[in-house]
Amino acid sequence: MRTHRTAGGPPALGLLAATLALLLSAAACTGDDPDPRDPSSTWSPTGTMDLPSPTATEPAEPTEPVLPDAAKQASEDGARAFITYYWDLINYAQVTGDVKALKAASGPSCEGCLDGIQGIRDLYKDGGHAEGGDYAVSFEKVNRLKGSSSLLAFEALLTVANTEQLLVSGDGSEQRSAAGSARMAVATQWTDDSWQMEVMDPQ
Amino acid sequence: MRAAVIGSVLAILVAIPIDMSSADPMPDPTTDAGVSNNGLWVDSTRNGDQPPQQGWVPGTGSAAEPAAGGFACQGAEQVAGEFVDHAFCTADRDDLPAITAADVQRAFAELKLPAGTLTIQPPDGLTLVNFKTNFYTTSTTPISTSLTLLGQQVTLEATPASFAWNFGDGKSTSTTEPGAPYPDLTITHSYLRKGDYLPSLSTTYTGRYRIATGPWQTIPGTVTIDGPGQPLQAVEAQPKLVGY
């Protein structure tokens, strides 16, 4: 009887093997090893089943924004591009704690910039971090500031819309803020062949 | 073997839901109360206007960076726009020459500083021999002026620091006190002989300067301004009999 039951097994085993093949292909794509307890499992994954890319389901590692060529121009368009780049740096620094580039793009007298940088430093220095909270910038108005001939500076009134943000402090306590928006007055100055943020004032 | 295969399938079937459930990186909200909705950066730039209720508070850390004006800027330009009003540093670069203390000292020496006002009591240019004639000045207020040096705005401040009282009879004295009106006699002189004199006051100023909104720095040296002589007649009091 035992022999008969074994002889009647192949169709069932075939179905099972097909299921296994499908699942193993999924397992292979995610890096799981075949069960080592089954030495006869010599099936090689050759299927073409598409699984969601791991990068599509996991948050991408933030990369430091690169100063665009447009932001290297001593013009209003250059100033606009720089301001946008600066907010990209803010977004990057918020979720990484890396404020080096942000500080380099900030003028030494930009108190709002320094306050913002200090806020990020304070959060990260005790082991805290931030998630989300990306700012999207839209320009309401841009003016060239009138000064001496050696001054090239633009002011801008911005609306910055931020996404929901989670702040996790070093002791593990969490604070979540909803999406919102704020108006910011900024000014940038062309100094030593590059733009620097000089004013960062919430309105 | 079949049991092993089934075991593998079950293990995979169990493993997949577990992997999927761990894909959500955002835990449930813990609190919103008291938290601004403008995010970490904007809240930090507000410098603690609306701090969250617990744990870390944005913008309240001690500022590790120098405040505005505390950095090395040789010249700044105050510019007011529609949205901002800011001192832009325009002169800490190679294209503008640095202002030296000697430059400022030269400018300080050329300043048109006023001579101190000399007041003599008794008034009206008449005093008595062997009488404590009182001298004082009210010119004690620092004088501030702005000028442009090497294309940069420089503010000079001159303060009367010492006074040389020349009494016109060959005697003089120097004080840091400006003297005081009667009856507080602090600077007096007694003329020994009758005659006409031209007492005068020389005021010595010390100075300090700042480039744009930078820190104040002392100007080396002093500037002395000699005031004009004031006619003063010293007379002898003569006894007279007066009948009532």
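I began with strand 7 of chain B and strand 8 (residues 172-175) of chain B, which run antiparallel and are joined by four bridges. For the record, strands are DSSP runs of E with at least two residues, numbered from the N terminus, and two strands pair if DSSP finds at least two bridges between them.

This is a predicted model, where local features need pLDDT of at least 70, side-chain atom pairs count only at pLDDT 80 or more, and totals for chains, interfaces and linings use all residues. Residues are numbered from 1 along each chain as its sequence is written, while chains are lettered from A and ligands numbered from 1 in the order in which they are written.

I looked up one pair here: B:Ala164 has B:Ser174 in strand 8 of chain B as its bridge partner. The two strands make a hairpin with five residues between them, and B:Gly168 in the turn has a positive phi of about 90°.

Next I checked strand 6 (residues 143-149) of chain B, which is antiparallel to strand 7 (residues 152-166) of chain B, with seven bridges. B:Ile143 sits opposite B:Ala158. That hairpin has two residues between the strands, and B:Leu150 takes a positive phi near 50°.

Strand 7 of chain B also pairs with strand 11 (residues 200-211) of chain B, antiparallel over 12 bridges. There I found B:Thr155 opposite B:Arg210.

Last, I turned to chain A. Where is A:Gln196? I found A:Gln196 in strand 7 (residues 194-202) of chain A. A:Gln196 counts as buried because 23 other C-beta atoms lie within 10 Å (the cut-off is 20 or more, with C-beta atoms placed from the backbone).

Terms used
Buried ≥ 20, exposed ≤ 12 C-beta atoms within 10 Å, placed from the backbone.
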